[in-house]
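Hi,

Here is the structure I promised to pass on.

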Amino acid sequence: MKRRDTLKALTATAFGAAVLPAEAAAAPPPQAAPVKVPGGRLREEAVKDAKLMAERFFTASELRTVTILSDFIIPADSKSGSASAAGVPAFIEFMMKDQPAQQTPMRGGLMWLDSQCTKRFGKKFADCGRNNQIAIIDLIAYPEQALKDMKPGVAFFNMMRNLTATGFFTSQMGIKDLGYLGNVPNKWEGVPADVLEQYGL
Amino acid sequence: MNLFNIKEQPQVYDAVIVGSGAGGGMAAYVLAKAGAKVCLLEAGGYYDPADPKYITQMKWPYESPRRGASTQLRPFGDFDAAWGGWDIDGEPYSAVKGTDFKWFRSRMLGGRTNHWGRISLRFGPDDFRRGSLSGVGDDWPIGYDDMKPFYDKVDRLVGIFGSVENFPNEPDGLFLPAPKPRLHELMLKKAAANIGVPIIPSRMAMLTQKINDERGECFYCHQCNRGCYAYADFSASSVLCKPAVKTGNTTLINGAMVREVLTDDKTGLATGVSYVDVATMQEKQIRAKTVILGASACESARLLLNSKSPRFPNGLANTSGVVGKYLNDSTGASRGAFVPALMDRKRYNEDGVGGMHVYTPWWLDNKKLDFPRGYHIEYGGGMGMPSYGFGFGMEGMNGKYPTRNGTMKPAGGYGAGLKDDYRRFYGAYVGMAGRGEPVPLETNYCEIDPEKVDKYGIPVLRFHYKWSDYEIKQAKHMQDTFEQIISSMGGVATGPKPDASTNYGLALPGQIIHEVGTVRMGNDPKKSALNSYQQAHDVKNLFVVDAAPFVSQGDKNVTWTILASSMRTSEYIVDQVKKKNL
């Protein structure tokens, strides 16, 4: 504690009611660390994003499940790495805080999945072996084939599939994989000749 | 001592302008260039798309923690240039039960021109006389010939690309070269031609060639909505407000939320405005010989209705009682489609300009249809930069089309096969959106809410707006046309066809952000607030230069007409001052 702060603390505590009436009426807001405002952000946006970053939504156990599921959905292949290697779990964590309406379907979906696994295999999803994990995922990953009582799982898995795909293909790794070649200054000269020919245009 | 601590500025400006968007920015530009001392008031903050402090252009999705998803402050995505949106903290509005209106505002220098799609269509001769042509609605007090010289000047000053087409009621301008169509646009053009729907190069306010030393040339990043650090697209902040300030004749005050127009009770003339300095919440005043409102259609109406005095008990410029009435927004309906022929596309950079390279102007005769006004069609698609939402809904797609080896598989899924699906479906979608002309109705209006105020203590707006059968039938026609185009190009429309239960997908009033008409002009002071120069019938030194004066809006996005009519009014003001009439 700095000397100035020590004195302040002494004034307020050791000497009892030595505060001005105005201070007593409204406690000063807690001192947050000053937020650095990045380019392209308004201060209020930087403050909000810093606050969301500091919060935690997923428990360690939930995050483990989200990570496993995201890598089932987008695994590494010959072209690029997996969802977790592209930072998808952290992106999903942020979106839960940024769009709180997603929290209940996500948390509830994870709970539903664990309860199903516990019923079937005596263990939560993350603690199941790979074969059992695949067995349960196969029951919820194909909406048109899924049994009626698996529908909550289907809805949850659709949500996970969407968030994983968006998180992956908006990452540096995913954009490279996809082959998006824009976002660079250029001169548009029209559709390449070989493409015109391919489509008979 | 003044109870409310009102600060009076002693200076008397030649003009005070409220709002720095297309209308206010143009007025500041013309008047300052003519040597007038101008005070330009903007409720929002300063903005310069070339200042790194504000730049969002050329950022990658992963530079946003939400990957470009929308926020309350940026409803069109985390990189969109415009600050504000439908829902601004402390600035409420409402719609009475059974009616709707969504009010989009941009609180920043340049206003909504920072958000705008840059589609820049002139009204045609017929658009000024729909009343007499169709028997529904009203004519303007001016015609295309009055506006043409100003459209020409705006083309030269601001810059617009397009092509000379001699298309009926779609006047050609002084165009820079139009960019060539993208692949899906060529496919759309061919498909639409087969069913008699024309598609021509779009007309938009980006510089495909350099026009002066202050502004650069388009470098085809597709991100005009993020603001352009080369100033190669039009926004009022870069193209009008900054040059106006540079003359030395314009005092720009940001964070100035205007409360009312002040008048002299004896002469009935406007004497200036009072505003709330949003940083200090202090009330201040600006004195001026002429007051010009360019705050946006609804905000200008609100200002006039809130400017009550013993002499003007119904609000200012409102002897006719027409202020707030005839509020009308473009109609809008859209449909998307998947184009199987575009699966597994070759990759190349097809960003292009920020928006479509082609569009469909209104091509039919309403006399042969069951609705009285037309629409144009805007097109989207291509291999765009992925952002939040990319890949959503794959479970509705990948079960319907064969895999690379020609077999079918169940929808949804996971794993390497699914990962490959995202690559295969990338860039294989098109979208189309109709933007139509509504019939302005007296029963669609905004008024002052008798009970509510915003955080500045300014009474807020309450809306009454319902679409009529005219617009609903037009939306139905749009949906039929979209399906025909999609079918003609071998596409598969996404989702069910919007039907009567949703008004055929007709957007809610306000959602297209083309609202006009709340302070209409006309020759009869009993039926209009402004004369044909957008000058108040009741108060000769009061003008409105946004879209509030417009009697109707054509099926043309109105920004180019705001620019042209604000320029026309501003030149009229200069002329009237010279003639000592003002």
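Before the sheets, a word on terms: two strands pair if DSSP finds at least two bridges between them. Helices (H or I, at least four residues) and strands (E, at least two) are DSSP runs, numbered from the N terminus. On bookkeeping, residues are numbered from 1 along each chain as its sequence is written, and chains are lettered from A and ligands numbered from 1 in the order in which they are written. Please keep in mind that this is a predicted model, where local features need pLDDT of at least 70, side-chain atom pairs count only at pLDDT 80 or more, and totals for chains, interfaces and linings use all residues.

The predictor gives the complex an ipTM of 0.94 and a pTM of 0.94. Within chain B, strand 1 (residues 7–18) has the lowest confidence, with a mean of 86, while strand 18 (residues 542–544) has the highest, at 99.

Three strands of chain B make an open sheet with mixed pairing, in the order 4-16-15. Strand 4 (94–95) and strand 15 of chain B are at the edges with a single partner strand each, so one side of each has no neighbour in the sheet. Strand 4 and strand 16 of chain B are parallel and share two bridges, with B:A95 opposite B:F463. Strand 15 (residues 445–453) and strand 16 (residues 459–464) of chain B run antiparallel and are joined by five bridges; here B:E447 stands opposite B:R462. Those two strands form a hairpin with five residues between them, and B:G457 in the turn has a positive phi of about 80°. Helix 6 (residues 297–306) of chain B lies across strands 15 and 16, at about 60° to strand 15. For such angles, axes are lines fitted to C-alpha atoms, for helices over the stretch in contact, and angles run from 0 to 180 degrees between N-to-C directions.

The six-stranded sheet

Chain B also has an open, antiparallel sheet of six strands, ordered 6-12-13-14-11-17. Its edge strands are strand 6 (200–201) and strand 17 (492–493) of chain B, each pairing on one side only. Helix 8 (residues 469–488) of chain B packs on this sheet and touches strand 11 (331–338), strand 13, strand 14 (429–436) and strand 17; its direction makes about 20° with that of strand 11. Strand 12 (residues 358–360) and strand 13 (residues 375–381) of chain B are antiparallel over two bridges, and B:Y359 faces B:E378 across that pairing.

Strand 9 (residues 270–277) and strand 10 (residues 282–293) of chain B pair antiparallel over six bridges. B:V273 has B:I286 of strand 10 as its bridge partner. This is another hairpin, with four residues between the strands, and B:M281 takes a positive phi near 60°. Strand 10 of chain B is also joined to strand 18 by three bridges, in parallel, where B:L293 stands opposite B:V544.

Where the chains meet

How many residues does each chain put into the contact? Chain B gives 55 and chain A gives 47, with two residues in contact if their C-beta atoms, placed from the backbone, lie within 7 Å. Helix 7 of chain B gives the most to the side of chain B that touches chain A, with five residues.

In that helix (residues 416–425), B:L418, B:K419, B:D421, B:Y422 and B:F425 are buried. A residue is buried if 20 or more other C-beta atoms lie within 10 Å of its own, exposed if 12 or fewer, and partly exposed in between, with C-beta atoms placed from the backbone. The buried residues of helix 7 of chain B pack against helix 4 (60–73) and helix 8 (151–169) of chain A.

As for chain A, its secondary structure comes to ten helices and zero strands. Of its 201 residues, 31% count as buried.

Cheers

Definitions and conventions. pLDDT is the predictor's confidence in each residue, from 0 to 100.
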